[in-house]
Amino acid sequence: MPSLSPSLYDLSFTQLEKRLAEAGVNPVHLQALWGFIYRDTPASSLPPPLRRWLDQHLGEHKSFTAELPEVADEIHSADGLTRKFLLRLEDGQVIETVLMGYEGRHTVCVSSQAGCAMGCVFCATGQMGFVRDLTAGEIVAQVLHAKKVLKRYHPDARLRNLVMMGMGEPLNNYDSVLRALGTISSEKGIGIGASKITISTVGVLPGIERLTREKQPYGLAVSLHGSNQQERQALVPISQKWTLEMLMQSCREYCAATGKKIFFEWTLIDGKNDSPETAERLGKLLSGIPSHLNIIPLNPTAGYQGEASESGRRFQKIIRRSGIPCTFRQRRGIDVAAGCGMLKADKLKK
Ligand code: SAH
Ligand code: SF4
């Protein structure tokens, strides 16, 4: 039976400090406890007051747990460079976490919600609908799981990059996502540098505005998919509420305030958004915004087909001609790993 005690991974450094103080443990030991939780410091090397605190508070039917989610399924690409996990949370919800390793760079792709309310027509997660937000602890636990797997296959490698591009819309779960990223990016915690972390959003304006106001140190990716309102709205229903014009204005303000560029994502779909006219219009739309365009070949889902086969390179050429750096999302190994939400969708079919 899963325990329903709160997870230690939910607590920030400051919150944990408070808990220790309440229990009368000298705060000087906090760093060691954080090391035990996030950095594999063995329990045997902890100072005795901390070990006593852990004995009293950590475990089933105690104040806290520090369990990683159960692996419900796992697939990996033939070359072993992409490993995709279906993780079962305490209430039975399953989410996806992906570990990718190309040219010695290891990246984890993390989910922020079970399901998603945004309903993008080509997205398997969107087709499932929204179930619930993940807690900060559940987001942190995905990264710890990825670290554990990486250690198994590449004992000397470090997990250096993180993208919030799994299931869900991170800016619809702002507080938990940002709290989790605090732990993940902290040098005392998991230690993935803030500049190596990218939050991907479909364009939740209040969230982008908050990132701007708070000058958050993380990278921002915006899923665009359309070069004018009509084209975008057909793929991304939420753009009826937050229009393309409003989104681009928000992006400009973000860049001006943070001095950073934005990674725009473009899922390329045959006959919908892959024409030379669209590429020309997109070039103009992005002019003046420090940006990088990342083209993602469509992964066909049960409810949506339309992989563009020929048009990608032509599209890329036009974008580059307008002075915007443009790359294809690496897809090596995606043969088995598929796209966002697709392993779960596949599993449910069986
Ligand atoms: N909700 C956020 C982050 C998760 S989706 C967002 O939409 O940005 C991460 C990326 O995967 C998005 O750019 C999304 O458009 C893309 N994506 C979703 N389903 C896809 C599919 N079937 N094929 C290709 N890309 C897909
Ligand atoms: Fe949600 Fe992103 Fe999928 Fe759109 S693409 S439905 S925002 S997870």
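In the predicted model, a nitrogen atom of ligand 1 is found 3.0 Å from a polar backbone atom of Phe-122, a polar contact being a pair of N or O atoms within 3.5 Å. Polar side-chain atoms also approach oxygen atoms of ligand 1, at 2.7 Å in the case of Ser-200 and at 2.6 Å in the case of Ser-223. Of the 530 Å² of accessible area that ligand 1 has on its own, the protein covers 95%, as calculated by the Shrake-Rupley method with a 1.4 Å probe. The shell around ligand 1 holds 19 residues, counted as near if one of their heavy atoms lies within 4 Å, and Gly-168, Ser-200, Ser-223, His-225 and Asn-299 are the closest.

The model is predicted, with local features requiring pLDDT of at least 70 and side-chain atom pairs pLDDT 80 or more, while totals for chains, interfaces and linings use all residues. Residues are numbered from 1 along each chain as its sequence is written, chains are lettered from A and ligands numbered from 1 in the order in which they are written, and side-chain values use heavy atoms, without hydrogens and water.

In helix H3 (residues 48-57), helices being DSSP runs of H or I with at least four residues, Leu-50, Trp-53 and Leu-54 are buried, that is, under 20% relative accessible area (1.4 Å probe, protein chains only). These residues lie on the same side of H3 because they cover an arc of only 95° around the axis, taken from the directions from the helix axis to the C-beta atoms. Arg-52, Asp-55 and Gln-56, on the other side of H3, are exposed, meaning over 50%.

Conventions:
Polar contact = N/O pair within 3.5 Å; in protein donor to acceptor, adjacent residues only side chain to side chain. Helix = DSSP H or I, 4+ residues; strand = E, 2+ residues; numbered from the N terminus.
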